[in-house]
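Hi there,

Here is the structure I promised to send over. Have a look at it first, and then read my notes below.

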Amino acid sequence: MRMKNLFIWDVKFQARYGFYLLYTFLTILYAAFILALPISWKERAAAILIYSDPAAMGLFFMGAIVLLEKSQRVTAFMSITPVSAREYVASKVFSLCAISVVVAVIMAAASGSRSVISVAMGTLLASTVYTLCGIIVATKIVSLNQFILATVPVEIVGFVPAVLGLFLDLHPGFRLYPPVACMELVAGKEPSAVGMLLTILTIILLFWTACRLVRKMWQEQGGVKL
Amino acid sequence: MIEVKNLTFSYTNKPFITDMNFDVKKGEIFGFLGPSGAGKSTLQKILLGMLPGYQGLATVGGTECRKHGDSFYQMIGVDFEYSTMYEKLTARENLEFFSSLYEGKKRPINELLERVGLENDADKKVSDYSKGMKSRLNFVKALIHDPELLFLDEPTSGLDPTNNRMMKDMILEEKKRGKTILLTTHNMQDATELCDRVAFIVGGQIYALDSPHNLIMSKGAAKLTYTWDENGERSGSCRLDCVADDQRLSKLISENRLLSIHSSEPTLNDIFIEITGRTLV
C-alpha cells in the first residue's frame with residue numbers, strides 16, 4: 001500500500017513540476033520529426049531518439065528531483081518515516097519508467113516499428129538503469145552543476161557503444177554490454193540472452209547501490225539539528 | 001518509553017557522548033537543554049535509530065534503537081525546526097502525502113489544520129507560507145499518524161505570542177492524550193512551562209536532570225522584594241530564609257500597607273549557567 005502511495009505521489013509531483021507537459025510537447029515534436037524522415041531512416045532514428053531521451057530521462061531528471069527534495073529537506077523527513085530506501089528508490093524508478101515507456105511506444109508507433117513490445121522492453125530496462133545511475137549520482141552531489149558534470153562519464157559509457165552498434169559491426173562481445181543489449185531491444189533486434197542476463201544483474205547491483213546510498217544520504221540529512 | 005543506560009558514542013577516537021543515563025516515562029514531557037554542539041543532535045539521532053554505532057543501551061518503546069525495523073517510525077513523530085515540505089504542494093496535499101506513508105488510523109487533516117489556524121490557507125502552496133505558518137504546519141505533520149512519541153525541535157520558534165500560546169496549549173493537550181514528548185528548546189520560559197523534567201547537556205554529558213521547579217528551588221529563592229507607600233512608593237528586600245527577622249516587613253504586613261511582594265527565584269537559565277558554566281547559545 002505504501003509503495004502504491006509513494007508511486008502515485010511521485011507521479012503527482014512530476015505532473016506538478018511539469019514533466020508530463022514537457023514530455024507531451026517533446027513526444028509531439030519527436031513524432032513529427034520521425035514522420036518527416038525517409039522510411040529507411042525512421043526505425044534507426046527512432047531508436048536513437050528513444051534511447052537518448054525517454055530511456056535516459058531518469059539520468060537527467062533524477063538529479064533535479066533528488067536535489068529539489070534535498071533542498072526542501074523532504075529527504076531529511078523521509079529518514080524518520082516508515083518508508084524504506086528500497087521503496088523510495090523503486091517508486092522513483094517506476095514513476096519515471098512509466099513516462100519513458102509511454103513516450104517510447106508513441107515514438108516507435110510513429111516510426112512504423114513492428115516491434116513495439118521490444119521497444120517498450122528495451123526502454124524499460126534502459127530507463128531503469130539510467131534512473132538508478134541518476135539516483136546514485138544525485139545522492140553524492142549538492143548542486144545541479146555538479147550533477148551535470150558527474151553524469152558526463154555515465155553518458156559516454158552508456159551512449160557511445162550503444163549508438164555506434166547501430167551503425168558499425170562491433171565485436172560480438174559488445175552485445176553482452178548492457179547499454180548495447182538495451183539498444184538492440186529498442187532498435188527491434190533480438191538481443192543476446194547473456195546480454196539480457198547481464199543487464200538484469202546490472203540493474204540488481206545498481207538498485208542495491210542506490211538503496212545503500214539513499215540510506216546514507218538520509219542518515220546524513222536526517223535527525224534534528226539541535 | 002525511552003531508556004538510555006551507559007550510552008557512549010563517538011564520531012572519531014574521542015568520545016562525543018559519554019556514559020549517559022536517563023529515562024523518559026510514558027506521558028512525560030522531557031526537555032533537552034544545551035548549547036550548540038552539546039550532543040543533543042547526536043543523542044536524538046541515536047534515539048531515532050540513525051546512528052547505530054553506539055555503546056550501551058538506548059531503547060525507544062522497548063525497541064533497541066540500533067535494531068529497529070521500518071515500522072519503528074510508525075510510533076514516532078518528528079517536528080523539525082526547519083520546514084520539510086514540498087513547497088509546490090499545498091498544505092493539505094503535503095499532509096495527505098505524508099499521511100499516506102503511515103499505516104493505521106490517521107488524524108483528520110481538516111481538524112489539525114483548523115487547530116493551528118491554517119484552515120483558510122489549507123489550499124495555498126507551502127512556498128507562499130510565512131515562517132510561522134510553516135512552523136505550525138510542520139508541527140501538525142508530526143501529529144498526522146497519531147504517534148506515541150513526539151520529538152519537537154524548537155516548536156515555538158518564529159511564532160507570534162498568540163500562536164506561541166496556541167502551540168504550547170497543543171503540546172500540553174498531546175501530553176493529556178498520553179503522548180510522550182521530547183522537547184528541545186533554547187526558550188527557558190517554554191521549558192519551565194512545558195517540561196516535567198529537563199536535562200542539561202554539555203559536552204556530551206548530562207550535568208543535571210530534574211523538574212524545572214526542583215532545579216530552581218534547589219538553588220533557593222534568593223530574596224524577597226516588597227514595596228509599600230510612604231511619601232511615595234518605597235521598596236525593601238530581605239533574604240528569603242530571614243523573612244521572620246525583618247521587622248519592617250512584619251509591621252507592613254500587620255498594617256496591611258504592602259503594595260507588592262514577590263520572591264526573586266533564579267530562572268532556569270540562571271541555573272543552567274550556574275551548573276554548566278555555559279550559556280545556551
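What follows is a short tour of what I found, starting with how to read the numbering.

This is a predicted model, in which local features need pLDDT of at least 70 and side-chain atom pairs count only at pLDDT 80 or more, while totals for chains, interfaces and linings use all residues. Residues are numbered from 1 along each chain as its sequence is written, and chains are lettered from A and ligands numbered from 1 in the order in which they are written.

**Chain B overall**

Chain B has nine helices and 13 strands. Helices (H or I, at least four residues) and strands (E, at least two) are DSSP runs, numbered from the N terminus. Along the principal axes, the C-alpha atoms of chain B fill a box of roughly 70 × 50 × 30 Å. Of the 281 residues in chain B, 38% are buried. Here a residue is buried if 20 or more other C-beta atoms lie within 10 Å of its own, exposed if 12 or fewer, and partly exposed in between, with C-beta atoms placed from the backbone. Among the contacts in chain B with a separation of 6 or more, 66% are between residues 24 or more positions apart. Two residues are in contact if their C-beta atoms, placed from the backbone, lie within 7 Å.

**The six-stranded sheet**

Chain B holds an open sheet of six strands in the order 6-7-8-3-9-10, with mixed pairing. Two strands pair if DSSP finds at least two bridges between them. Strand 6 and strand 10 of chain B are the edge strands, each pairing on one side only. From one strand to the next, the twist averages 15°. (Axes are lines fitted to C-alpha atoms, for helices over the stretch in contact, and angles run from 0 to 180 degrees between N-to-C directions.)

Helix 9 of chain B (residues 268-276) lies across strand 3, strand 9 and strand 10, running at about 40° to strand 9.

Val198(B) has Asp210(B) as its bridge partner in strand 10. These two strands form a hairpin with two residues between them, and Gly203(B) in the turn has a positive phi of about 60°.

**Strands 1, 4 and 5 of chain B**

Strand 1 (residues 2-9) and strand 4 (residues 55-60) of chain B are antiparallel, with five bridges, and Glu3(B) has Thr59(B) as its bridge partner in strand 4. Strand 4 also pairs with strand 5 of chain B in the antiparallel sense, over two bridges. There Val60(B) stands opposite Thr63(B). Strand 4 and strand 5 form a hairpin with two residues between them, where Gly61(B) in the turn has a positive phi of about 60°.

Lys67(B) is found in the loop between strand 5 and strand 6 of chain B. Is Lys67(B) buried or exposed? Lys67(B) is exposed, with 10 other C-beta atoms within 10 Å.

**Where the chains meet**

30 residues of chain B are in contact with 23 residues of chain A. Helix 1, strand 6 and strand 7 of chain B each give two or more residues to the side that touches chain A. Helix 1 of chain B gives the most, with four residues. The residues on that side of chain B divide into 15 nonpolar, eight polar and seven charged. (Ala, Val, Leu, Ile, Met, Phe, Trp, Tyr, Cys and Pro count as nonpolar, Asp, Glu, Lys and Arg as charged, and the others, Gly among them, as polar.)

**Chain A**

All nine of the nine residues of helix 9 (residues 178-186) of chain A are buried, so this helix is largely enclosed by the rest of the structure. Helix 9 of chain A is followed by Gly188(A), whose phi is positive, near 80°.

Best wishes
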